[in-house]
Amino acid sequence: MSFRLPFSATIPSTTNPLRLRFNFRLATSFTSAFSPSNYANKIWRNYIRIDNPIAAALLSKMGYTESERIELKKQFLRMLVRLELDEAKQRLLMGFFETYVKLSDEEEQRLRNEVNQMETKEKEQVLELLISYEQKGKREGAKQKEREMMRKMIAKGMSIADIAHIFDLTEEEVHKRVND
């Protein structure tokens, strides 16, 4: 029996050491061996110096308190910087991490403030990561709003040709966006 995690990561449920493998469409990107255990009982601070993408992802499943959430994400981001992964792998790990550790807007602002106060060589790179993910989120939100608006316009009886004209798109692009 195995448990399927998001992002094509599989963890078999055995008592033997396991190999955790993250797969991408074009190629396998990384594999790592871990002993199965209850990660909620692990102390996340013991793993932040292990420069391993699987350790970084599993931080989100380890034991931490509510008051440690901001520090946990900051250390996770520092690990991503040290790992020097390409953007696709960073997105994969960030998506996995944020599936389990979702910070509120207030916590995200506190995180940004703490990163601004960092006095390490990683500060600028961590800030770049934060900013790039914020911008990506805003772009995705804007696209979602646009799709919703187009759907409402169609529901009100507006023609695809008129919608395409308003959004400066082709009719095919409108169809594609509405159906995504």
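Visitor: Are phenylalanine 76 and phenylalanine 97 buried or exposed?

Guide: Phenylalanine 76 and phenylalanine 97 are both buried, where buried means under 20% relative accessible area with a 1.4 Å probe, protein chains only. This is a predicted model, in which local features need pLDDT of at least 70 and side-chain atom pairs count only at pLDDT 80 or more. Residues are numbered from 1 along each chain, and side-chain values use heavy atoms, without hydrogens and water.

Visitor: How many aromatic pairs are there?

Guide: Rings of Phe, Tyr and Trp (its six-membered ring) pair if their centres lie within 6.5 Å, and planes under 30 degrees apart count as stacked. The count here is 2 aromatic pairs. In one of them, phenylalanine 76 and phenylalanine 97 have ring centres 4.0 Å apart and planes at 10°, so this pair is stacked. Phenylalanine 76 sits in helix 2 (residues 69–83) and phenylalanine 97 in helix 3 (residues 87–100), 21 residues apart. Helices are DSSP runs (H or I, at least four residues) numbered from the N terminus.

Visitor: How do I read two packed helices?

Guide: Two packed helices are described by the angle between their axes and the distance between the axes. The axes of helix 6 (residues 160–167) and helix 7 (residues 171–179) come within 8 Å and cross at roughly 95°. That makes the two helices roughly perpendicular, a term for angles of 65 to 115 degrees.

Visitor: Which residues of helix 6 are buried?

Guide: They are Ile160, Ile163, Ala164 and Phe167. Down the axis of helix 6 these buried residues fall within an arc of 100°, so they line one face of the helix.

Notes
Axes fitted to C-alpha atoms, helices over the stretch in contact; angles between N-to-C directions. Parallel < 35°, antiparallel > 145°, perpendicular 65-115°, else oblique. Buried < 20%, exposed > 50% of the residue type's maximum accessible area, 1.4 Å probe, protein only. Arc of directions from axis to C-beta. Phe/Tyr/Trp six-rings, centres within 6.5 Å; stacked < 30°, edge-to-face > 60°.
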